[in-house]
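Subject: Structure handover

Hello,

Here is the structure for you to look over. My notes on its cavities follow below.

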Amino acid sequence: MWNWCHLGIFFALSLIVCLCGFKKYVYFMSIGYGFSVAVIGAAMAVMSLLGIYPSAGLAHYVQFALFIIYGFRLSGFLLIREIKNAAYRKTLAEATGSEVPVFVKFFMWVFMGILYVSQTSGVAFRLFNGEAASLCQWIGIAISAFGIGLEAVADQQKSQQKAKRPDMVATEQLYKIVRCPNYFGEILFWTGVTVSALDILQGVGQWITVIIAYILIVFIMFNGAQRLEK
């Protein structure tokens, strides 16, 4: 039961980070998203260094680092794009429309906090269960690392193409091979996190948390990619 309380700590941290969404609700799903993952990864690292998770080894710290890299890269990219790109700010304003009521923002705030903790819970459960590194974990790490790289390159290529043709969709480089390589990289990252936990999950609660979170993130990414096709 105490281990599940640790998820409450990560949830509280995510809620603090996601407060930015009350300024602009889309931040719950963008800037708050990336920074939440980064902060959760950092919290896991600190708690492991303090001896709360004595089983934490090299593979665990690599996953903590991947969370931090993933989160800061994603939110940093989104922030810089919004600050520097007037065309993107216009598109974002058109896509989000008018602000939503406070009670809707509150629901989004809580829901996103739960989702981000659930997405990272595979790594947390390995720590909770006291499991050492395994081949399954390293395979997951490799998949996640590839996903981060793919998403970062795809975002950069898309930005370069948009700078030349702001009103056109990206169709060159990686976008010739995969319609939405940035979304594909995102899915790969979370696939790796999920795969890394499959050999250590204990009990129905842990399985449900990890699998439902993975299904939700794939659905959200697929939905986002579908919208780009319209």
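How do the residues of the lining of the largest cavity divide into nonpolar, polar and charged? They divide into 6 nonpolar, 5 polar and no charged. Here Ala, Val, Leu, Ile, Met, Phe, Trp, Tyr, Cys and Pro count as nonpolar, Asp, Glu, Lys and Arg as charged, and the others, Gly among them, as polar.

Some ground rules. This is a predicted model, where local features need pLDDT of at least 70, side-chain atom pairs count only at pLDDT 80 or more, and totals for chains, interfaces and linings use all residues. Residues are numbered from 1 along each chain as its sequence is written, and side-chain values use heavy atoms, without hydrogens or water.

The structure holds 2 cavities of 30 Å³ or more. A cavity is a set of points, on a 1 Å grid over the protein atoms alone, where a 1.4 Å probe fits but cannot get out; lining residues have an atom within 4 Å of a point. Points are joined across faces, edges and corners, and a volume is the space filled by probe spheres set on them.

The largest cavity has a volume of about 60 Å³. Its lining includes Ser 118, Trp 190 and Tyr 214. Helix 5 (102–128), helix 8 (181–195) and helix 9 (203–229) each give two or more residues to this lining. Helices are DSSP runs (H or I, at least four residues), numbered from the N terminus.

The second largest cavity holds about 40 Å³ of space. Gln 63, Leu 66, Phe 67, Val 123, Ser 144, Phe 189 and Val 193 line it. Helix 3 gives the most to that lining, with 3 residues. By class, the lining has 5 nonpolar, 2 polar and no charged residues.

Best wishes

Note on methods: On a 1 Å grid over the protein atoms alone, a cavity is a set of points where a 1.4 Å probe fits but cannot get out, and a pocket is an open set with protein on both sides within 12 Å along at least five of seven lines; lining residues have an atom within 4 Å of a point.
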